[in-house]
Amino acid sequence: MKIHGIGLDKAGRCTHYHTQLDIAALLCAKCRKYYACYSCHDELEDHSFVATTPEEAYPVLCGNCGRKLTLQEYKKGSCPYCHAGFNPKCSLHENIYFCCTM
């Protein structure tokens, strides 16, 4: 799966978010592409980022191993496949990425 964004490294970190833990790519419900962040999305697409609904099977992509993740897997804080950690501050943007989360 491809991660879209600006200035990406091999794990999907972008120019906006680039700490060691910024490796979760999020799915835009409108264009169906995984983006490093909503800012990258909004700069590169002709529409604003649209949050996924709880019915979306795999709204997150691990930039470290490339596996698609459920919201429940992502919320555990690390990838269940490669065990790479995700940035806990991503929860500050949860309303942008996930509609009506648990």
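Predicted model: local features only at pLDDT ≥ 70, side-chain atom pairs only at ≥ 80, totals over all residues.

Author: Let us begin with Met 1, which is exposed, its relative accessible area being 62%.

Reader: What makes Met 1 count as exposed?

Author: The label requires a relative accessible area over 50%. Met 1 has 62%, so it counts as exposed. Met 1 sits in the segment before strand S1 (3-4), and beyond its sequence neighbours up to four places away it touches Tyr 34, Leu 61 and Lys 68. Lys 68 is 67 residues from Met 1 in sequence, with 8.5 Å between the C-alpha atoms.

Reader: Why is Thr 52 called buried?

Author: Buried means under 20% relative accessible area. Thr 52 has 2%, and therefore it is buried. Thr 52 belongs to the loop between helix H1 (38-44) and strand S4 (60-62). Leaving out residues up to four places away in sequence, Thr 52 touches Leu 27, Ala 29, Pro 59, Tyr 97, Phe 98 and Cys 99.

Reader: How many aromatic pairs does a search of the whole structure find?

Author: The search finds five. One of them joins Phe 49 and Tyr 97, with 5.2 Å from centre to centre and 85° between the planes.

Reader: What does the pair of Phe 49 and Tyr 97 tie together?

Author: Phe 49 is in the loop between H1 and S4, while Tyr 97 is in helix H3 (residues 94-97), so the pair links parts 48 residues apart in sequence. Both Phe 49 and Tyr 97 are buried. They also belong to one aromatic cluster, together with Tyr 38, Tyr 74, Phe 86 and Phe 98.

Reader: How do you know that the radius of gyration of the protein chain agrees with a compact globule?

Author: For 102 residues, a compact globule would have a radius of gyration near 13 Å; the protein chain has 12 Å, which agrees. The C-alpha trace spans about 35 × 30 × 25 Å along its principal axes, and 41% of the 102 residues count as buried.

Reader: Which order do the elements of the protein chain follow from the N terminus on?

Author: The order is β-β-β-α-β-β-α-α, which comprises three helices and five strands.

Technical notes:
Residues numbered from 1 in each chain as written. Heavy atoms only, no water. Helix = DSSP H or I, 4+ residues; strand = E, 2+ residues; numbered from the N terminus. Buried < 20%, exposed > 50% of the residue type's maximum accessible area, 1.4 Å probe, protein only. Contact = heavy atoms within 4.5 Å. Rg over C-alpha atoms; globule rule 2.2 N^0.38 Å. Phe/Tyr/Trp six-rings, centres within 6.5 Å; stacked < 30°, edge-to-face > 60°.
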